[in-house]
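This report describes a single protein chain, from its overall make-up to selected residues. Please read it alongside the sequence and the model.

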Amino acid sequence: MSPLRHRWAAVALSLALGATLAGCSGSESSEPTAGSSGRHQSGAPSDGTSSEPSTGTSGESSGEPTDETSSPTTSVTPTGGSSLLRFSPRSGGRHLDDCQTLVPGDDPAEFLYYPVVLTPKTSMTLQEVGTDHTQGVVDAGAWVAPVGPTQETGTLKGWPPSKIVTGDPNLRWRERVRAVDATLAPGTSYNLFLRLQVDPTPGDSKVRGITIQFLDDDDPAALSHRVLWAATTTFSMDC
């Protein structure tokens, strides 16, 4: 996050005037066998956004090219971008609670997490993508791909992804690009794919949504925006 500057002045009760200026600044293998269990669904788009700040990060583990995440050099507003992205399903909507099963042999369990479709209303460049998660969850990769004729979302256990994903014409897996630094065209819908690694030992772990930070390419002020798509997925041995 780009530096913020705060200024204040103190006025003495004597004849002399004193001023104090202070600044403050703030900042951002081998692959297991694929599985096919989990949720995979399609549906029509719906509007809805959430603009809560979050702590998600992005990156990729070995087996895929590594995303390099750097702190943005522009100001970040946690609320201004909520009107610039359409989410399907909508953020915080009903029936978004999900539970994915862990088993003792998972070390870690790996999931392809693609629960939402993004449709930007302006040209934008993604700067940061990741999940808002609890202990036990690691974001190991993030990609975007344009959506085919029918929108589909879901969560599937196993890595690399199975043919239910890679062979699906609506998901267009082979057209994916790294999420960080990807430019999204206005009016075009995109699947957002995340590779999650979940450690079964801490007990239940949760993903509470996806954090997206982006640059509005049409904004002459070059402001970054951060939004949260809210949904809860629990990873547990007791689903």
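## Overall make-up

Of the 239 residues of the protein, 48% count as buried, where buried means under 20% relative accessible area, exposed over 50%, and partly exposed in between (1.4 Å probe, protein chains only). The exposed surface comes to about 11,600 Å², with carbon and sulfur atoms supplying 52% of it; accessible areas come from the Shrake-Rupley method with a 1.4 Å probe, and for residues only the protein chains shown count as cover. The protein has one helix and 14 strands. These elements are DSSP runs numbered from the N terminus (helices: H or I, at least four residues; strands: E, at least two).

## Model and confidence

This is a predicted model, in which local features need pLDDT of at least 70 and side-chain atom pairs count only at pLDDT 80 or more, while totals for chains, interfaces and linings use all residues. Residues are numbered from 1 along each chain as its sequence is written, and side-chain values use heavy atoms, with hydrogens and water left out.

The mean pLDDT, the predictor's confidence in each residue on a scale from 0 to 100, is 76 for the protein, and 66% of its residues reach 70 or more. Residues 1–37 have pLDDT below 50, and this stretch has 62 contacts in the model beyond near neighbours in sequence; contact means heavy atoms within 4.5 Å. Over residues 44–79 the pLDDT stays under 50 as well, and the model has 115 contacts there beyond four places in sequence. Where pLDDT is low, the predicted coordinates should not be read in detail.

## Strand β14 and its partners

Strand β13 (residues 205–216) runs antiparallel to β14, joined to it by 10 bridges; strands count as paired if DSSP finds at least two bridges between them. In this pairing Ile 210 stands opposite Trp 229 of β14.

Strand β4 (residues 98–101) pairs with β14 in the parallel sense over four bridges. Here Gln 100 is opposite Phe 235.

Ser 236 belongs to β14 and is buried, at 2% relative accessible area. Its contacts, not counting residues up to four places away in sequence, are Cys 99, Gln 100, Thr 101, Leu 102 and Asp 204. The side chains of Ser 236 and Asp 204 are joined by a polar contact of 2.7 Å. A polar contact is a pair of N or O atoms within 3.5 Å; within protein, one must be able to donate a hydrogen and the other to accept it, and residues adjacent in sequence count only if both atoms are side-chain atoms.

## The disulfide

The structure holds one disulfide, defined as a pair of cysteine sulfur atoms within 2.5 Å. Cys 99 and Cys 239 form it, with their sulfur atoms 1.9 Å apart. Cys 99 lies in strand β4 and Cys 239 in the segment after β14, so the pair ties together parts that are 140 residues apart in sequence.

The torsion about the S-S bond is about -80°, so the disulfide is left-handed. Cys 99 is partly exposed at 33% relative accessible area, and Cys 239 is partly exposed at 47%.

## Asp 199

Asp 199 sits in the loop between β12 (190–198) and β13. This residue is partly exposed, with 29% relative accessibility. Its side chain makes a polar contact of 2.8 Å with that of Thr 201.

Leaving out residues up to four places away in sequence, Asp 199 touches Pro 108, Gly 136 and Ser 205. The C-alpha atoms of Asp 199 and Glu 110 are separated by 9.0 Å, although these residues are 89 apart along the chain.
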